[in-house]
Amino acid sequence: MTPEFILFHYDEIGLKGGNRSYFENKLKQNIKAAIPKGSFTSLRTVQGRLVGKLSERGQKHISGILSNMENIFGLAYCAPASRCPQNTDAICDQAFALLKEEEFSTFRITARRSGSDIPFSTQKMNEDVGAFIVDKLKKKVKLKNPDVTCFIDMFHKNAYLYIEKTQGPGGLPVGVSGKAMCMLSGGIDSPLAAFYAMKRGARISLVHFHSIPYTNSASVDKVREITEVLGKYQKGIQLYTVPLGPIQKRIRTETDEKFRVLLYRRFMIRITEALAKKEKAKAVYTGEVLGQVASQTLENMAVVEAAASLPMLRPLIGLDKREIVDRTKRIGPFEISIQPDQDCCSLFVPKHPATKARLKDVEREEAVLDVDSLVQEAIEGADDEVFYG
């Protein structure tokens, strides 16, 4: 039977108290943006969940709608459901109508209720509906690992029945936590950091630094593909691609080689913050992992962060490489990220980079450079485009 509704359940939003309506409304906006226009005749909040009434168009595209919901942050799960009056006979008939179309040997009834005005217990409902299905379909009840589960959600004077759930990614709706810039290298770490930024409700813009013409365009091509993947989670991601080569050339010729990568990183932070001002972003995310490379020791990260005025957020800081690989595979861009390219930070890399640099030494080397002019030239040479996934 064709479902008339989709129930949208959330977890963390339910803990938001007096601010909850703000989070619910943002979740509604993001759901609507991810599906064909006119899929619902209504989408409203009812007792701790969203209830969408499907239009004829929505019913025709229900599989696509459910698939898109896998990428909506803030959503615990959604379920295509049928509605009936909140009485035992109607619920039994509706459960029978749902289950008779399924192939199964064992089943379970799982009833839930919201509100104290429902005149019967969930246990009694489970027993009555279960007995009705046993009698009608001659199937066996199995409470652990049944072939199919019929869920019954009772709230607001109605019962909604469903047997299918589509899991969402959890977290908070994109946009509730303001804007942030994410530095995207093209490797496997930074896309995962961007994913986590969105999962905590940040609306992100991406910044990629390249060294064209000293390197080829492979890294730019990669980050465009990665941004397309990340666009599944946030519609309309701005990607800035910034030429770092001229700055790197000056650093190579005018400073001590052991500080090169740290100087690169300090310029990247300044440029990202200038773009953040344009985007009205309040923080910078990176894919840095403690101890992974020479520039990611505590001492060197402190030296780089000294060039920042915005908060530097590193959601992967305590993960190991296996965890990062596994999680990046799950979110999508792994196969793109492992394609070979020429990363900007691999240009003019010293044989023996400083691993425990002192800020005063790095600032002394940096003092010979016209920092403001170099930053401005890089920004003027940047390209930007928007991706929708």
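Modeller: Helices (H or I, at least four residues) and strands (E, at least two) are DSSP runs, numbered from the N terminus. This is a predicted model, in which local features need pLDDT of at least 70, side-chain atom pairs count only at pLDDT 80 or more, and totals for chains, interfaces and linings use all residues. Residues are numbered from 1 along each chain as its sequence is written, and side-chain values use heavy atoms, with hydrogens and water left out.

Biologist: Which side chain makes a polar contact of 2.7 Å with the side chain of E288?

Modeller: E288 sits in the loop between β13 (284-285) and α10 (298-305), and with a relative accessible area of 2% E288 is buried. Its side chain makes a polar contact (a donor and an acceptor, N or O, within 3.5 Å) with the side chain of R265 at 3.5 Å. Leaving aside residues up to four places away in sequence, E288 touches R265, Q296, M301, R314, L316 and I317 (heavy atoms within 4.5 Å). The partner at 2.7 Å is the side chain of R314.

Biologist: How wide an arc around the axis do the buried residues of α8 cover?

Modeller: In helix α8 (residues 245-254), the buried residues are G245, I247, Q248 and I251. They lie on the same side of α8, because the arc that they cover around the axis, taken from the directions to the C-beta atoms, is only 155°.

Biologist: Which helices are among the elements that cover the buried residues of α8?

Modeller: The cover of these residues includes the strands β11 (203-210) and β12 (237-243). Among the covering elements there are also the helices α9 (260-279) and α14 (371-380).

Conventions. Buried < 20%, exposed > 50% of the residue type's maximum accessible area, 1.4 Å probe, protein only.
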